[in-house]
Every structure is written in C-alpha cells, then in structure tokens.
Protein chains: 2
Amino acid sequence: MGYKSSGRCRLFGLFVIVAAFFLVGFIIGWFANPPEDEPERRLSDNDRMKLLNEMKAENIRQYLRNFTKLPHLAGTEQNLRLAKQIQKEWKDFGLDSVDLVHYDVLLSYPNETNPNYISIINEQGTEIFKTSLLEPPPAGYENVSNVVPPYSAFSAKGEPEGDLVYVNYGRTEDFFKLEREMNISCTGKIVIARYGKIFRGNKVKNAILAGAKGIILFSDPVDYCAPGVEVYPDGWNLPGGGAQRGNVLNLNGAGDPLTPGYPAKEYTYRYKADDGAGLPKIPVHPIGYNDAKHLLSNMGGQAPPEGWKGGLNISYNIGPGFIETFNTTKVKMHIYTNNKVTRIYNVIGKIRGATEPDRYVILGGHRDSWVFGGIDPTTGAAVVHEVVRSAGKYMKKGWRPRRTIIFASWDAEEFGLLGSTEWAEDNAKILQERAVAYINADSAIEGNYTLRVDCTPSLNTVVYNLTKKIDSPDEGYHGKSLYESWHQKDNWTTYRDAPRISKLGSGSDFEAYFQRLGIASGRARYTKNRKTEKYSNYPVYHSVYETFELVEKFYDPSFKQLLAVAQVRGGLIFELADSALLPFDFNEYAEALRTYADSIFSLANKHKPSLHTFEVSFDSLFSAVKNFTEAAQDFHVRKKHLDMSNPMALRMVNDQMMYLERAFIDPLGLPGRPFYRHIIFAPSSHNKYAGESFPGIYDAMFDIENAKDQSKAWEEVKRQISIAAFTVHAAGMTLTEVV
Amino acid sequence: MGYKSSGRCRLFGLFVIVAAFFLVGFIIGWFANPPEDEPERRLSDNDRMKLLNEMKAENIRQYLRNFTKLPHLAGTEQNLRLAKQIQKEWKDFGLDSVDLVHYDVLLSYPNETNPNYISIINEQGTEIFKTSLLEPPPAGYENVSNVVPPYSAFSAKGEPEGDLVYVNYGRTEDFFKLEREMNISCTGKIVIARYGKIFRGNKVKNAILAGAKGIILFSDPVDYCAPGVEVYPDGWNLPGGGAQRGNVLNLNGAGDPLTPGYPAKEYTYRYKADDGAGLPKIPVHPIGYNDAKHLLSNMGGQAPPEGWKGGLNISYNIGPGFIETFNTTKVKMHIYTNNKVTRIYNVIGKIRGATEPDRYVILGGHRDSWVFGGIDPTTGAAVVHEVVRSAGKYMKKGWRPRRTIIFASWDAEEFGLLGSTEWAEDNAKILQERAVAYINADSAIEGNYTLRVDCTPSLNTVVYNLTKKIDSPDEGYHGKSLYESWHQKDNWTTYRDAPRISKLGSGSDFEAYFQRLGIASGRARYTKNRKTEKYSNYPVYHSVYETFELVEKFYDPSFKQLLAVAQVRGGLIFELADSALLPFDFNEYAEALRTYADSIFSLANKHKPSLHTFEVSFDSLFSAVKNFTEAAQDFHVRKKHLDMSNPMALRMVNDQMMYLERAFIDPLGLPGRPFYRHIIFAPSSHNKYAGESFPGIYDAMFDIENAKDQSKAWEEVKRQISIAAFTVHAAGMTLTEVV
C-alpha cells in the first residue's frame, strides 16, 4: 500500500511535472505565434460605458466658459491663439500627436474705416435714415474689442440704390410667386428678404437669378422671437438691434473659392477673384428688425400674399418702392467689405490605432465663431474637448483603440466650411482609402427639448443602441435612457416607431467628408420641439448675443444636455474606433433607399401623362433597391457566421462595410455640382441646409415645369433614374460575397 | 557506476518524456492559435518558375490555330460561339468560376446590300474609277463567309464629293503645315491621309477640325511594306489590295459611345446617336495602296513638303484637286455604314484567393478580331489560354494563390475598347477598392526582334526580375535570359543602362483600368527593331491577311517568342497574386517622375521670356517630386523591416502599395477628358497610342502658341503645374508611415 501510495504519488508527481511542461510548452507555443490583434488593450462594452461616464458636465461648462470670453473670428490672431491653446491641452490630455495645419483661403471682412450700412435717401440724395453700424453689446462685454459688426461675408462691394421689393424668405417658390403669379419683376431692384427657412446663400442666389442689384437680409420677429420669451439678456430672444452675420456664398462644396478641388497651400494655383467659386456678384447686407421696420414701413405696391406677413406692425407690402408719399425716396446700400486671402489653422489630434492604424474615425467640429460663439460652435468645441480629455484619460490607463482616432478643430467654417474642406482636399487620397466614419461636432445645442440626429442610414442602429445606454438629461426622465425621452418626444410617426433620424444636408463641416468623399457621417445635437417652436434656428444665432451666459442661463444650466451630446458624439467615435466588427447596419440603408425611391416615384406621378408620353419608368430603380436590400440582408447573415479569430476575414468584412458609403459616390458628380458626388444624398439645390434624397432625379424633375423642351427635360429625368439605379445596384454588389 | 548509469538513463528518459510533452504542448499551442495566412498553399519562388515552365509553345500554337479559323467580329454569332468555347475550356482547366458578361453597346457595320467605296466622277457625274469593295482573300480562306470588307467603324454616312487634299499622316503638325505655312485650307474638301504614326481617330478628328467633309485613309507602301520583303502570302508585307480596318472614334476613354461613364446594361440610359461620345460627323473610309495610287496619281497644287512623299511612284502633290487635265473630275465617297446597338460578351474567369480573396490581379485581353485576328488579338488570346491552363493545372496540384486572379476575354476592343471599359464601369466601385494590378494581353507579337514592355514605373523592377528568370527565345541567345537579349537589343541608352520600358498610352484594353481607375498596369509583347524597321504597326495589321499562317510562317515558327510573352504576362500575374509582399518599386516611380518633370521643364524653357513675364514656376513640381522620392525611399526601407508574420501589418503595407497608383487619379479628370484621370500619364491628345507624361501641363503648353490671350493661356499652365505638384505630393504622402 505504501508502495502503491508512493507509486500513485510518483505518478501524480510525474503528471504534474509533465502537465507543467506541457503548459509551459503551450504558453510558449501560443506566444511564439501571436495573433496580431491586440484585444487586451481594447475596451469591453462595459468599459466603453465607463469611458462615457468619465465625461463630466462641469468640465464642458468650464471649457465653454474659457473658450467664449473673446471673439474667435477666423483669420484673426485671437483664433490662432485659441488653436494653440487647444493644441497644448489636447497634448496634455494624452493624444499621440497634435498639429496645427494651415491653409491660405479667401476670407471676407468689413472695411474697418468705412462701415457698411443701408440708407434711405431722398431725391436730393440726402440720407434720411441709416441702419445701425453695430449691435448694442451685451452686458459685461462692452469693452471687448474686435467684435465684427453684422455683415454678409463675401458680399460684393457696391452702392446700389433703387426701389425695394419684399421677397418674403427669398425662396425659389417666393420668387416664382412674384414673377409668375404677381407679375412683379425684381430686375434692377434691391430686394429685401427675411431670414429663415433656407440657407441665406440660396436667397442671394435666387435674388441674383431674379436680376436684383442688391439684397438686404433681415431677422423678422416672427422668425427670431419665440412667443412669450424676453429678448436677451432677460430671455433668449433676439433683441431688435441684433442681426445675423453669415457668409452668402454658393460654394456647392468647393471649399476655398479660389482653389476649388485642391487644398489652399502656399504653392496652390489661385483663381482671380472674379473666377472664384460661389462669390455673389451683388451687395448683400443683414439687418435687425428695428432697422427692417424703418425700411419696410412705407412699402407700396401689392399687399403681401398669404403667409408673407411677418411679426412687425407694418403692411409687408411687396413694392417695388414706397407708397406714393415717399415715392421719391430710394434705398441705398453702402457695402465696402473686402475679400482677402488669409491664413487659417486647423488643429489635428491623433490617437494611433493599435491594430488597424490605417483605419480612421474622425470627430471634427469648428472653432471659429462670428463673435463669442456662445452656442455656435463653442458648445460643440467644448464637447469635443471633453471627449478628448476622456479618451486621453483612458489611454493613460492603457487603452488604445483598435483604429486610429482623429480629432479636428476646424477653422473658418463660418466662411464656407473652409478649414474642413481644405483638409479633406489635402488628404482626399488617404481619406478615400482609410476613413471609416466622420462625426461632426458643430453647435451641440439649438434648443433644450430633445436629441436631434442626422446621419447616414447605416449609422441608425448604432445611434439607437448607444442612446439606450446614455441617461436622459431631460426633466421628468430620471432613470430613463436618452433613447426613451428622444423616442417619446420625437417619434418617426407614420414612417416607423423609433426616434426620428434625418438626412444629412449641408451647412456644417461634414459636407466634404460625406457629400464629396462618401465617408459614413453623422451629427447629433440638442434641439427644440419642431412641432411647437416655429422660429428659425435659435433666435440669437450669429449675433453678438451668443454668449456663455445665454447657454448657462437659458439653454442648459445643468450642462447635462451638452453632456448627453458629448456622450453621443464621443460614444459613436469610440464604438466605431474600438469594436472589432464595425457597427454599420445596411438593412437600415436598404430601408431608407426604399423610402426615398417611393417618395421620388410619388413626386413623378404628379406628371402621370408625361411619364407615359416620354416612357419614363422607375422600374430599374426599384429593382436596384430590391437587389441592394437582398445583398444587405445576406451580408448581415454572413457576418453573423464570421470567424472573428481570422484577422484577414475580419478586415475583409470591415472593408466591405467601410467602403459601402463610398460606393454611392459618382466621380462625375451631380449635374453642375462636381463636389456633390453622393448619388443618394445632397444638400438641396433650393436650401443648402436640407438633405435631398436622389438629388439628381429630384432636380431633373424640378426643372420639368420650366422646361421649354419637355422631351429633353424628361430625357434628363430618365438619365438620372438610370444613374441612380446603377449606383444603388453597384453599391449592393460591393456587399455580396467577395469573388 | 551501475547506479549512476541507471540514474542517468532514468534522467535522460524523463527528459525525453518531458521534451516530448513540451513539443506536443508547443505544437498544440501553435495550432490552437494559427496565423490566418495560408502560406502552405502558396508557391515558393522555385515552384513559381515551374509554373512558368508548365507553359508550352506547342499549346499556344494549337490555340492560335483553333481560334483563327473563322472571323470573330464583335457582335457576331461566331464571336459569341468562341466566347462559349473559351468559357467551357477555362472551366475545364480548373478555374473556380467562368461567366459570360454581356453589354449592349453601339457597334458599326457596313451596309450588307449597299457597299462602301470611293469613286472618281467626271463632270457628268459618271464614275470613271471605283475603289475595290473587298480584299482578295488569302489562299485557303476563299470560301470563308462573314469576312467584313475594309471599313472605318463608326464613320458617318454620306456621299460627299469634292476636291482631294493630301494631308500626309493627318497629324496636328501636318495640318499646321498646310494651314499656316502653305496656306492651304481643307474646309469643304475631302482629305486623304496616309495611315501610320498616330491613331487613325486622331487623323479623323484633325480633319474635322480643319473643316474637311470627308477623309480617306490609305496604307502607303513606305509605311506598310518592309524593304526587301514580299507581300503576303510570299512574305509578310501588305498586298496592294489589302486595307486597314479600324474604328475612327475619339472616345477619350468613354467606352460605349451611348453610355459614357456607365455600363451599357439593359436598363442604362442611352444618348441619342447624335449626342454619343466620340462619333465622327464626316464619312471616313480606308483603302489600300493600289486604290490610293489611282486617287492620287493626278493630284495638282503644290508639291509635297519634305518628308511627305510616300512609296508610290506619284507626285504626292497636295491639291486641292487634280492637275488641270483632270480638274473637272471630283472624288466622291459612298459610305453607308450603320451604327447599331449590339450585344457583346466578355468571358470572366476567376480563381478565388486563399488569403486575400478581396485583392484582384487581372489578366485581360480581347477576343474579337476584324477578320481572322491572326496576330491581333489571337496571339494574345492564345497566350492567355495557356496561362489559364497552367494555372489550372497547378490548382489541381493544390495551389491556390494568396490573392484572387481574374482572367478576362474582352469583346469589342476593336470598336473602342468597349468590352473592357463597360466591365470596368460596371465594377468600378469594387475595382477601385480591390484591384492590385491589371496586365493587358492584346497581340503578343508585332515583330520578332525583342521584348517590348509598357508599364507603370512601379512594375519596372518586377518586370526586370522576372525576365531574368525566363529563357530568351531569340536566335543566338541560347542559355541566356530574356532580360539579356532584351537588354542587349533595346537598351534605355542615354537614360539608363537597362532594357527600355515605355509609358502606357492607350489603344488597348488597359485604358479604363489605368487611365481612369488608376490601377497599376502593364503590357508586354514581342516587337520589331524600332531603330531599323520604320514601317508602321506590322504591315498586314487589321487586314484579311492576318492569318494563322502569317504567324506560323513568318513571325514565330517555333512559337517560342509567344511562349516568352506568355511567361512574362503569366509570370507577372502569378507574382502579383501570390507573393506575400507586393513587388512594386516606388523608387522607380520617383525616378520616372523626376525624368518627366525635367522633360516638361525643358519644354517650358523654350518660352523662357514668357515664363518670366507670366511668373511661371516649376518649383512646386520639383519640390513635390523630391518629397515623393524621399517618401518612396523611406517606404522601401521601412518595408524591409516589416514583421512578415503580422498579417495586419502586411496587409497595411500592401494596401499602401496597391493604392499608390490610385493616388495619381484626379476625380475631376484632365481638362475636357473626364475619363482620363491619371495626372502623370494620359494618351497623347495628338496620338492616342502614345503615352504623355504630365499631360495636363503638356496640353496647356501646347495651346500657348495658338492662344490669343497669352496671359490666360499661361494661367492655365500654372494651374496645371499646381495640380500636378499637388498630386505628386499627395501620392507621396500615402507612402509615409500611417498616422
């Protein structure tokens, strides 16, 4: 027994030794042949939530406070100083690299010694009224210098005088009404349009097409004051002396007007200003409603059509010109604004990806502001700052994301998305091959009702999943998720039972990344109640009254809504950069395409006899959408069975996902808009802010009514249907099994 | 000692057991965590040589014999039948899949009941001479039906009559000479140009620009007969009754004229014929030298300038019109050729890559021929067939390449590269992301002197290395490599001591892949001695005399030169598809860029005073080339230290290499040529066959002399320099370390 026992012991001992050596062998074997992925440095879902919870409302508050003390107009010393500050702080936070990247772009500033204004002159030419040269500064900011007065950037210079015509919002349909229904010509007139509904540059373009020799833009109280709210500083409405700055370009995605298509570097060829992209040929100037009341109060001509009356106690007569008593007085514009090639600075910070450094996930938002940028853009910049700080903190704990993250603080967004577009042009070749997604970070708040998301359909699901993990900041939603409050407050209604997500148009820095390069993009912010709050933008938009105090007192005193936006923006970035399998959902894209095809087909059906006469069929488009839908479904089924331990197979599937959005890009661009190349989405030709689906078909259909040659016009519709069908079909093909 | 010995034994036994278990553990550990690459199925360098040696001259002979018995004009039943035969044989050889892929493109055929010809008519309109309607068929082919008579595909219909003007080769400089130096206008005339020097479509374009109402193309003996050689069938010279078919389009890469930019599928929108791309507006017709002698023998007007005299015993007077005795006779063209949308078929065969199935290496060449295609294209098609057979044979032995190989038998190349371009358009989105390289396989022989290679500079080194491993087929080079005979026969001379490699232009199916999509491309064939053999093409090019017997009797009786070409084309494909690290060499690209920059700068220096006046500088271009050069050098140094066991790192470096050529693509295209998008190379605007470097700058400089506004013209030169500098710089940036 002793022997037996001893034998067992010895056997056991031998087993232990052998097992130990086996283990050592196994371990050495394992590490001698390591898989190259570095999962141990990636975050679990749980840790990724912790990263979101690392973000703090108080930090966002402090960054907003710090960044909004002075004006940061693009091209100024003060904005360069802020760039350097951000560069330093991002480095301190722990990014791998942070660089200033500059371009020399065309900017536009008022003449410092010869201010812009509008006057009413009598028959002797004497000025009997002049618009104000400045906005009354808000309390506490009286001694701040370098506050640029309200102006329309890139306005032509000039001193046109003539009769006014009131053109409502200056939309395509407003000019149609004037010209076609009311028989009023704007040729040789100065038109006056109220701000709102559409991008101001579209108003200017329409005025030029109508033959106007100048255009005045004014903020009407009905569009820039919420009912029952005081004007700033007692509330958040626009004071009568406030006015909206803004550029009046029609760039269509060209970036710097003098270097369309190419980065505005030292050596880059520059067009002469006359050949520049998108520069208006007539003077433009913005005014507040106090001044507008003076200009409009004696208007003659026809009474305004229904819906054209604003909130001032005046007739809103159309003109041209004043009522008889004043018909010898004219309106004169005095515009001396100068265009000037000026250096701008982007701040570009990077975290090198651990496993796929050549895959880029980008969070970008602008830094430049018209004045203090209290909301626009600094709520966005403060949010990005907190995202960067949180990422840096986790890196110090050993985290390194699978893919590279790029943080960008863009310059000169207000002058036509210049900083972001030039960088996109500079890096187009690399971005095309390597960019996974772009998340935009402009103003993080424009109301305090609920979340607003615009994104490519393939991001819908990740947005929904993420918002389910984020706390709702809304009153009455304690313990509920952001998804829940958002869903309850802004359901997609008839379309589907989920929070509403909108199409991307333009008006912010994602444009070059999405519309030109075809990089999956999205944006998120807090917004107002679109059903009840009918004013445009937020009332003090682009005025001197956009201050830190505006946000702190009225928009988000707890900074919890900004925190929620930070968690959405940051959460998307971390998810996209860190998950082994990219979280795109192409079934959502398929569903969106179906909706868009239905919608453009309905529109076409308003011309049913012509569809028959000219043999216009949408069959190819519907067939392509069907093919895409099946390809997407199959793709996601195959994806479920992917061998996640096979790095090359994983990369291949991720590449298919990354490049899907790229497949919607047509290198030939949309007709007349070479830098809008996405066949599914474009900024509307009638309002840059709005996203249009199947824009090629839409625009061709829009032209039908004015076309002299109906057959030719319908041929163009057919051509555009064919291009859309091809593109959708080809995009679906990229999702089918490789080879 | 016994004990000791026993102890040692036991210790040794234990050690063996432990070691064995360690080994078992190690092995299990290793395989429990396998690297995902599949090297075991790839070929060693040695095996890859065996694959080349698997190819047999005799097989190529048989394929050529088999494929050239009947005409295979694009769009005909006979060519579809050949497509199906190839499909079946490729499947039998062992490819994973072989599909027919069809498109419906615009083709052009003579009217079967109303033949084309040219006549001389007297003042009564009586035809006193008519050109022949057919070529006399070669012996043995007298009873073959469906031989299309010589015609200019896509000629306009019409019966213009008038005076002839002899325009030499119809080159830009020839028309300049006529118009500027000799004061001869071609407006309203019928011009007659000899074939040779440039692509016939350029001659037609020039004639149209000069105002001609018709153009006759003829083969002059000096250009289509080698001295001392008999005409076919006693030698390989063009008989007097032979004529050169060919399309006369100016597509500039558009593919199917009715669907530029998009694949010609069933649902695709088609332009009306009048709006089609590249279709000539005047009648065009080709004739042989027997007929040409009749038309030209009584020409009046000025004597020909130096170099304009051809090989016929006539004056070669310029005209317009005939000498006085005949000045009432006119020339009349009778052209009834029809354009017709016709179905064409590509054969697409695939071998799925083992490790990177989403990386494509393409070997493509056309199958359609004007008549028997004895040289063009069937020497190429036979070579591809043998490459496919060899690959299939090795697959049956267990080989599967790392990357996917695609073999393509294109249709309708002769009608404007239609099959290859439509497939490129159909698959553009996928090819852009996944295509590693395209090797072209048109005619494999055009002479029997030495090898000729045109390729992107980054393929130079792999071409050199490969040809060092292939036996020279040349007489007197037994035991020497193809590289050695090539080097000795066609050294790069003053430029460098290596075999000459030329720029890619166009004129064959690589065009869409290289010039539009930016996929690294190359072509190889056997050629004549360019220093001594001054005739154009090979004499019987595109005539009925291109038969199997022509090749077997005169060009390559042993079929060893065709075998060498097969080994070069196939060897490139196998190397590109199977090597772990792609064999591109960007130091070669850097060197080429430097040469091209020097060359365009020299050209500019012919206008030295203007360079000064208009402040034209090439500094940015030279600086960009310098940056590219350094980036390329650094890249190759880093590549040497790459951890080849890290699959993701390997993929990343390979991706940088794959996308380098893509980085030279400008989505905006070259001015007026949206489908030529490569900034470094384009087909010359004056001769599609020739490759032009920095074509944007070149063309802008070319326009200087004619420009009315010199300042504006030089501005365009500056703009083009800037675009080239940007592109070269940005391409270099893609090679720098990621992030």
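**View 1. The surface of chain A in the predicted model.** Chain A exposes about 26800 Å², of which carbon and sulfur atoms supply 52%; accessible areas follow the Shrake-Rupley method with a 1.4 Å probe, and for residues only the protein chains shown count as cover. This is a predicted model, in which local features need pLDDT of at least 70 and side-chain atom pairs count only at pLDDT 80 or more, whereas totals for chains, interfaces and linings use all residues. Residues are numbered from 1 along each chain as its sequence is written, chains are lettered from A and ligands numbered from 1 in the order in which they are written, and side-chain values use heavy atoms, with hydrogens and water left out.

**View 2. Buried residues and cysteines.** Of the 739 residues in chain A, 65% are buried, where buried means under 20% relative accessible area (1.4 Å probe, protein chains only). A:Cys186 is buried, with a relative accessible area of 1%, and B:Cys455 is buried as well, at 4%. Over all chains the structure holds 0 disulfides, a disulfide being a pair of cysteine sulfur atoms within 2.5 Å.

**View 3. Contacts and extent of chain A.** Among contacts (heavy atoms within 4.5 Å) in chain A between residues at least 6 apart in sequence, 79% join residues at least 24 apart. Along its principal axes, the C-alpha trace of chain A spans about 130 × 70 × 55 Å.

Methods
Buried means under 20% relative accessible area, exposed over 50%, partly exposed in between (1.4 Å probe, protein chains only).
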